[in-house]
Structures are given as C-alpha cells and as structure tokens.
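Please examine the following entry with attention to its side-chain geometry, its helix packing and its backbone. The report below is meant to be read alongside the coordinates.

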Amino acid sequence: CEQQLLANHQSTLLDKEETGCRALLREEKTEDLRRMHKLFQRLPNSPSCGLQPISQIVREHIVDVGMGLVRREEAEKEHSNYAQQLIDLHDKYLALVNGPFSSNTLFQKVLKEAFEVFVNKDIGSTTTAELLSTFCDNIMKTGGDKIEGEMDTILDKIVMLFSYLSDKDMFAEFYRKQLAKRLLLNRSASDDDERTLITKLKYRCGAQFTSKLEGMLTDMNVSKDTQNNFSTWMKSNEISMMPDCAVTVLTTGFWPTYKVDEVALPHELLKCVDTFTRFYESRTSHRKLKWIHTLGTCVVTGKFAAKSIDLVISTYQACILMLFNQQEEYTTSEIASTTKLPLEELKKYLQTLALSKYTILTKTPKGKEMGEKDLFSFNRAFTDRQRKIKMSLLVTKVSQDEKLSTKQTVDEDRKHAVEASIVRVMKARKTMTHQALVVEVSQQLMKLFKPDPKVIKNRIESLISREYLERDSDKQGQYKYLA
C-alpha cells in the first residue's frame with residue numbers, strides 16, 4: 001500500500017512547483033515539512049526513496065540560500081556583520097533539522113555539508129576565517145554587556161561555525177594576534193569569557209591547537225605576580241620611580257612576532273626600562289629581556305590653558321609628545337631624527353595627535369598632507385569635557401600588512417605541518433605509493449586545513465632532496481623511508 005501511495009509517486013510529490021519540498025522550504029512551512037517527514041520516513045531509505053531525496057533537496061536549498069548571502073556580501077564594502085548573518089542562518093536551519101525533521105542524522109549531515117560549501121568561500125580577498133576571528137574580537141571587547149548565560153550561547157554558536165571552516169589554522173593565527181592586542185591593551189571585557197572560548201576550541205581541535213592561546217593567558221597572570229614582586233623589590237631597595245611603570249613579560253613562543261624597534265625613549269621612560277631590567281636580571285640569569293614598545297601604552301598629563309587632561313596614548317605617541325617639554329616646536333624631520341621612528345610610521349602617529357578628533361598638536365601649514373618641513377607645536381588652547389581621554393592607538397585593529405604577514409605565517413606553518421605528516425606516515429609504513437601517501441597526509445591534516453596536493457608533492461620533493469625519503473628504483477611512483 002505504502003509502495004503504491006508513496007514510493008511510486010515520491011519524486012512527483014517532492015518536485016511539485018506549488019506544494020513540493022522546495023516550495024515548502026522557500027515559504028518556511030514547517031508544519032507541512034513535519035508532515036512530509038513523518039509520511040516518507042515510513043519508506044526504506046535509498047537515493048530515490050524515503051528521506052534521502054528530501055535531505056538532498058534540503059541540502060541544495062541551504063547551499064542556494066548560503067551562496068546568495070555570499071554574493072550579497074561580496075557587493076558590500078563592509079563585512080563586519082557577515083559572521084552574525086551566518087550564525088543567524090545556521091540557527092534557522094538547525095531549528096528546522098531539530099524540529100520538523102526530528103533531529104534525524106541524515107538531515108544533520110546535510111546541514112553540515114551545506115554549510116561547509118559556502119562558509120569556505122572567500123568574501124572578496126578576505127577569508128571567512130578572518131571575518132569570524134574579527135567577529136570574536138568584537139564580541140570579546142564588548143562581552144561585558146551580555147547577560148549571564150547569553151555569552152556562553154554565543155560562544156557555542158561561534159565554535160559551531162568554526163567547525164565548518166577548512167582553514168582552522170588561519171582562524172587560529174588571526175585570533176592569536178587579536179587576542180594579543182586585547183590582552184596587552186587591556187581591551188578584553190572578561191578573562192573568563194576568553195578562557196571559555198579557548199576551552200571550547202580545545203575540546204573541538206585538541207590541546208595542541210590552543211596551547212599558544214593558553215600560554216598567552218598564563219603569561220598575563222604570571223606578569224601580574226612579577227609586577228607585584230617588582231613593587232616589593234623597589235620598596236626593599238628604597239627605589240622611588242616617577243612615572244609609575246608596569247611591565248608585561250611575555251614568552252616568545254606563545255605570542256605573535258613583534259618588530260623590535262630602535263625608538264629613542266625619553267629619559268623618564270629609559271629610567272623605567274633600566275630599573276625593571278636590573279630587577280629582572282637579579283631574579284633570573286638564563287632569560288634575556290627584549291623590549292617591544294609597539295603595543296605599549298602610557299598615561300601622560302597635558303597641562304593645557306583651561307585645565308590639565310590625562311591622555312591615554314601609545315608609547316610611540318608619548319615619545320613624540322614628551323619632546324615638547326624641551327622646546328616649543330619641531331619639524332616632521334626633526335621629530336623623526338630625535339625619536340628614530342621611521343618617517344612613514346611617524347606620519348601616521350602625528351596624524352592621530354594633530355589631525356584627529358583630539359588636536360593635541362597644532363600643524364603648520366594646515367591640511368591633511370604631511371611634509372618633512374611641516375611644523376608642529378603644543379596646542380595649549382585644546383580642551384575637552386573629560387578629564388581623561390583615550391586617544392587612537394593605531395595598533396588596535398589588524399592592518400593590511402599584518403593580514404599579509406599572518407597569511408605568510410600560516411603558509412609557512414602549513415609547509416612544516418605537511419612535512420611532519422609525510423615523515424610520520426612514511427616512518428610507520430616504510431614504503432608507499434604517491435597517491436596513497438597524498439590521501440593519508442590529507443586525512444591527517446584535514447582537522448586543521450585542507451592541504452593542496454601540489455604542496456604535498458613539493459614537500460615530498462624537498463624531503464627527497466634532504467634524504468628523508470627516496471624513490472623506489474624498482475617500482476614507479478613509490479617512495480621509501482630512509483631512517
């Protein structure tokens with residue numbers, strides 16, 4: 001009876017233009033979909049019978065909707081809301097799978113497959129991995145205004161979306177750079193939320209994936225203890241220091257690589273550096289401090305005509321402003337030679353001090369163009385309603401150069417990961433055909449990224465040239481492991 005009434009007419013019923021499966025999905029008729037599921041689950045599953053044809057229609061529908069979102073997003077200039085739109089889309093279809101389709105494993109599988117298709121499409125030149133990481137960054141900066149429990153739900157949704165990414169290593173590298181800035185610039189809304197997300201990622205990808213992120217959080221806690229010990233050391237040695245100084249000591253292996261600059265610090269800041277170095281060297285002899293001022297912050301007091309105002313600025317901005325304690329005005333080239341900051345970088349910092357919302361310096365001649373002979377002087381007439389102002393630090397957002405260097409870092413790391421995987425597999429198997437080796441290496445690395453077969457071939461060639469492997473002279477397309 002079911003064969004006659006349902007199976008023989010299934011494709012006709014599902015493909016009807018007005019009342020078929022596609023029409024019901026398009027018009028979001030959940031009750032009708034529930035009835036359809038209940039009806040056809042009576043039939044045995046096969047590509048043309050039962051729930052399988054319905055699940056394929058659902059998959060095609062989700063891919064169509066997702067690709068439509070990708071196309072719309074590519075036409076936009078700003079992509080800050082893309083990750084949220086993906087989360088909303090996933091919520092919608094997850095509710096469909098759990099509701100009308102009764103959490104059937106077949107529909108859970110097609111939901112995953114469909115999302116993997118469009119989540120891994122780049123938006124212009126930007127990967128979804130980067131956009132999701134930036135979305136996390138914004139959430140972590142403003143997470144404090146979420147009610148308890150809501151944040152945990154949002155983090156679960158982020159990790160679910162992350163699980164569909166094929167470039168998980170790309171996400172990890174962008175996330176690490178943004179986490180570093182949040183921690184060092186004190187922009188993170190909650191340490192607990194930071195730890196929660198890292199724990200969820202660890203559960204999904206393993207301890208090795210999150211080891212650097214956990215190391216960064218540990219460094220911040222250790223630095224607080226080091227700072228307390230530094231204060232105690234200064235008291236016991238009767239050292240008084242102006243200005244107050246707080247140093248964050250980082251472990252090189254955990255943190256992104258930062259440029260070690262040769263900036264000429266004002267003598268007030270040099271005194272801080274020398275004092276902390278003496279303290280640190282008195283406690284440990286096998287560690288060497290390398291000072292990185294890129295992400296440093298300072299609070300300086302500007303004595304303006306109307307009132308004094310505290311300015312929260314970067315170390316570089318402080319180096320520029322503190323010059324004006326010595327003389328009234330400087331040219332751009334004089335500031336560059338005194339601070340030893342590269343000219344192009346200096347111009348960006350001068351723009352934040354003279355051409356932004358807060359004009360701490362006055363530029364002559366006026367205008368946005370900046371030449372080497374332009375004059376800068378301290379703007380005594382500046383005032384503001386607030387007693388403390390947070391200036392633009394320039395380093396809070398990921399710059400274009402940082403994006404490129406992140407992608408280069410990931411590409412380099414992938415080469416090492418591919419080589420390590422090839423050696424592991426060959427060490428276990430001793431001999432293997434090219435095709436079998438490529439398949440096994442791809443399967444091993446799929447958790448982190450989708451390796452390009454061309455890259456695997458290049459790495460095999462590299463390992464042969466370094467005598468880790470050799471070609472089998474008797475069998476074409478076969479490799480031998482060299483112990």
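## Basis of the values

This is a predicted model, in which local features need pLDDT of at least 70 and side-chain atom pairs count only at pLDDT 80 or more, while totals for chains, interfaces and linings use all residues. Residues are numbered from 1 along each chain as its sequence is written, and side-chain values use heavy atoms, with hydrogens and water left out.

## Aromatic rings and charges over them

The structure holds 18 aromatic pairs, a pair being two rings of Phe, Tyr or Trp (its six-membered ring) whose centres lie within 6.5 Å, with planes under 30 degrees apart counted as stacked, over 60 as edge-to-face and the rest as tilted. One of them joins phenylalanine 171 and tyrosine 175, which are stacked at 5.6 Å centre to centre with 20° between the planes. These two residues are four apart in helix α10 (residues 168-184), so about one helical turn separates phenylalanine 171 from tyrosine 175; helices here are DSSP runs (H or I, at least four residues), as strands are (E, at least two), numbered from the N terminus. Both phenylalanine 171 and tyrosine 175 are buried, where buried means under 20% relative accessible area, exposed over 50% and partly exposed in between, with a 1.4 Å probe and protein chains only.

Elsewhere, ring pairs link Phe230, Trp233, Phe276, Phe279, Tyr280 and Trp291 into a cluster. Two charged side chains also lie over ring faces, a term that requires NZ of Lys or CZ of Arg to be within 6 Å of the ring centre and within 35 degrees of the ring normal. Arginine 182 is placed over the face of tyrosine 175, at 5.2 Å from the ring centre, and lysine 168 over that of phenylalanine 162, at 5.8 Å from the ring centre.

## The α8 and α9 pair

Two packed helices are described by the angle between their axes and the distance between the axes. For helix α8 (residues 128-142) and helix α9 (residues 150-163), the axes come within 11 Å and cross at roughly 170°; the axes are lines fitted to C-alpha atoms, for helices over the stretch in contact, and angles run from 0 to 180 degrees between N-to-C directions. The two helices are therefore roughly antiparallel to each other, the word applied to angles over 145 degrees.

On the α8 side, Leu132, Phe135, Cys136, Ile139 and Met140 meet Met151, Ile154, Leu155, Ile158, Leu161 and Phe162 of α9, contact meaning heavy atoms within 4.5 Å. The residues of this contact divide into 11 nonpolar, no polar and no charged, with Ala, Val, Leu, Ile, Met, Phe, Trp, Tyr, Cys and Pro counted as nonpolar, Asp, Glu, Lys and Arg as charged, and the others, Gly among them, as polar.

## Two residues of α8

Isoleucine 139, in helix α8, is buried with a relative accessible area of 10%. Not counting residues up to four places away in sequence, isoleucine 139 touches Met151 and Ile154.

Which residues does glutamate 130 contact, leaving aside its neighbours within four places in sequence? They are Phe174, Lys403 and Lys407. Glutamate 130 also belongs to helix α8 and, at 5% relative accessibility, counts as buried.

## Backbone exceptions

Most residues other than glycine have a negative phi, and most peptide bonds are trans. A cis peptide bond, with omega about 0°, joins threonine 364 and proline 365, and proline 365 is found in the loop between β4 (361-364) and β5 (375-378).

Serine 103, in the loop between α6 (82-98) and α7 (105-119), has a positive phi near 55° and is partly exposed, with a relative accessible area of 33%. Glutamate 238 has a positive phi of about 55° although it is not a glycine; this residue lies in the loop between α12 (207-236) and α13 (267-283) and is exposed, with a relative accessible area of 74%.

Terms used. Parallel < 35°, antiparallel > 145°, perpendicular 65-115°, else oblique.
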